[in-house]
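Thanks for asking me to look this one over. My comments are below the picture, in the order I would go through them with you.

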Amino acid sequence: MHPDELLEQLKNNATPRKAKNLDIIHAVCREQHERGSTDFSVATISKIAQERGGPVKSTIHNKTGDDFKGLIKAWASHTGGVTRKVRRVSENPIYA
């Protein structure tokens, strides 16, 4: 499902405050895509959203944040992005 369609579905049953937060998350994800970024991790999206008055990371991770996580996941699927940051593994010269 396209993220725009999912947003409209989620907003149909949302309170005005949640609808505003969904709009913020949606806008942040759209900007990530337009920048060419594939990072749709909750940490990154919530950090940017929080600067705009959106939900904090703990709100998204809570049970009540399923709609936010679903929207972020829809954007990641739609754009070929990832919802988790890839951990960088450094080569330790001792083991090489």
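This is a predicted model: local features need pLDDT of at least 70, side-chain atom pairs count only at pLDDT 80 or more; totals for chains, interfaces and linings use all residues.

1. I would begin with the packing of two helices. Helix α2, residues 16–35, and helix α3, residues 42–51, meet at an angle of about 115 degrees, and their axes lie 9 Å apart. The crossing of α2 past α3 is right-handed.

2. On the α2 side, this contact is made by Ile 24, Ile 25, Val 28, Cys 29, Gln 32 and Arg 35; on the α3 side, by Thr 44, Ile 45, Ile 48 and Ala 49. By type, the contact residues of α2 and α3 comprise seven nonpolar, two polar and one charged.

3. Now for α3 itself. Its buried residues are Val 42, Thr 44, Ile 45, Ser 46, Ile 48 and Ala 49. The cover over these buried residues includes α2, α4 (57–61) and α5 (66–79). After α3 comes Gly 53, with a positive phi near 85 degrees.

4. Please look at the loop between α2 and α3 as well, where Asp 39 sits. The Asp 39 side chain has a polar contact of 2.9 Å with the side chain of Ser 41. The side chains of Asp 39 and Thr 44 are also joined by a polar contact, at 2.7 Å.

5. Which residues have the most contacts inside the largest nonpolar core? They are Ile 25, Cys 29, Phe 40, Ile 45, Leu 71 and Ile 72, in a core of 20 residues. At least two core residues come from each of α1 (3–12), α2, α3 and α5. The most are given by α5, which supplies six.

6. Leaving aside residues up to four places away in sequence, Ile 25 touches Ile 45, Ala 49, Pro 55, Ile 60, Phe 68, Leu 71 and Ile 72.

7. Last, a residue in helix α1: Leu 7. Is Leu 7 buried or exposed? With a relative accessible area of 5%, Leu 7 falls under the 20% cut-off, so Leu 7 counts as buried. Not counting residues up to four places away in sequence, Leu 7 touches Leu 22, Asp 23, His 26 and Leu 71. Leu 7 and Phe 68 are 61 residues apart in sequence, and their C-alpha atoms are 9.5 Å apart in space.

How values were computed
Residues are numbered from 1 along each chain as its sequence is written. Side-chain values use heavy atoms; hydrogens and water are left out. Axes are lines fitted to C-alpha atoms, for helices over the stretch in contact, and angles run from 0 to 180 degrees between N-to-C directions. Helices (H or I, at least four residues) and strands (E, at least two) are DSSP runs, numbered from the N terminus. A crossing is left-handed if the near helix is turned anticlockwise from the far one by less than a right angle, and right-handed if clockwise. Contact means heavy atoms within 4.5 Å. Ala, Val, Leu, Ile, Met, Phe, Trp, Tyr, Cys and Pro count as nonpolar, Asp, Glu, Lys and Arg as charged, and the others, Gly among them, as polar. Buried means under 20% relative accessible area, exposed over 50%, partly exposed in between (1.4 Å probe, protein chains only). A polar contact is a pair of N or O atoms within 3.5 Å; within protein, one must be able to donate a hydrogen and the other to accept it, and residues adjacent in sequence count only if both atoms are side-chain atoms. A nonpolar core is a set of buried Ala, Val, Leu, Ile, Met, Phe, Trp, Tyr and Cys residues joined through side-chain atoms within 4.5 Å.
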